[in-house]
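Please keep the sequence and the structure in view while reading.

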Amino acid sequence: MKRLIIFLKAPRAGLVKTRLAQSIGPDAALAAYKKLVLILLKNLKPLHDVELRFAPDDAQKDIRPWIRKGWKSAPQGHGDLGVRLKKALKESFDAGCGKVVIIGSDCPEVTEEDIQAAWKALDDHELVLGPAADGGYWLIGMTKYYPLLLEGIPWSTESVFAETFLRAEKLGLRIALLRTLTDIDTFEDWERFRGGDQVVASK
């Protein structure tokens, strides 16, 4: 059994795209976030083994319109990103999954083919990563629960990918890499995205 987990936040002004909001304001940042999520979910609509992990934990009603037929949802829980990623992974493996892939909602370029490529890579690798242009990663996938890859990571820094890769090498894991993509976090990211003739998903 395999699973794709998408980490996302409730569409609430002041909660999402806080770095972008510093430039365009919380309401415009919220509109931008909704647009990005709709594009991503439209791209991934054909997939069936999907779970939306939402934050905060009282956001079930907020994210309900984003749940496609056959998809599941669950709260992320408390703690930093590493703690929440570990929770999602452990619960998925405990439920019998043999391949678990996690992405965020910051990269509208992610396609169904990217996720299929990640699952396929896990046929003969223990870890798959999708590098992000800012030094992080837009995807992480595993065949077993490796908590050491997520503990004490300097989240939201340019060394996230490098530190994760180094730890995986020390554990002796076979690592597969996907294509490098760009998260939409800053005003500059947003302007580049808007200038790229992106197709906006319909509601």
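In this predicted model, L148 sits in the loop that runs between β6 and α6 (160-170). L148 has a relative accessible area of 48%, so it counts as partly exposed, the range between 20% and 50%. Leaving aside residues up to four places away in sequence, L148 touches R167 and L171. R167 is 19 residues from L148 in sequence, and their C-alpha atoms are 7.6 Å apart.

Helix α6 also holds F161 and F165, which are four residues apart, about one turn of the helix. F161 is buried at 19% relative accessible area, whereas F165, at 24%, is partly exposed.

The next topic is aromatic rings. A pair of such rings is described by the distance of the centres and the angle of the planes. The whole structure contains three aromatic pairs. In one of them, F161 and F165 have ring centres 5.9 Å apart and planes at 35°, so this pair is tilted. W190 and F193 form a stacked pair, with 5.4 Å from centre to centre and 25° between the planes. These two residues are three apart in helix α7 (residues 187-194), about one helical turn. W190 is buried at 7% relative accessibility, and F193 is buried at 8%. Elsewhere, K2 lies over the face of W119, 5.0 Å from the ring centre.

Methods. Residues are numbered from 1 along each chain as its sequence is written. This is a predicted model: local features need pLDDT of at least 70, side-chain atom pairs count only at pLDDT 80 or more; totals for chains, interfaces and linings use all residues. Side-chain values use heavy atoms; hydrogens and water are left out. Buried means under 20% relative accessible area, exposed over 50%, partly exposed in between (1.4 Å probe, protein chains only). Contact means heavy atoms within 4.5 Å. Rings of Phe, Tyr and Trp (its six-membered ring) pair if their centres lie within 6.5 Å; planes under 30 degrees apart count as stacked, over 60 as edge-to-face and the rest as tilted. A charge sits over a ring if NZ of Lys or CZ of Arg is within 6 Å of the ring centre and within 35 degrees of the ring normal.
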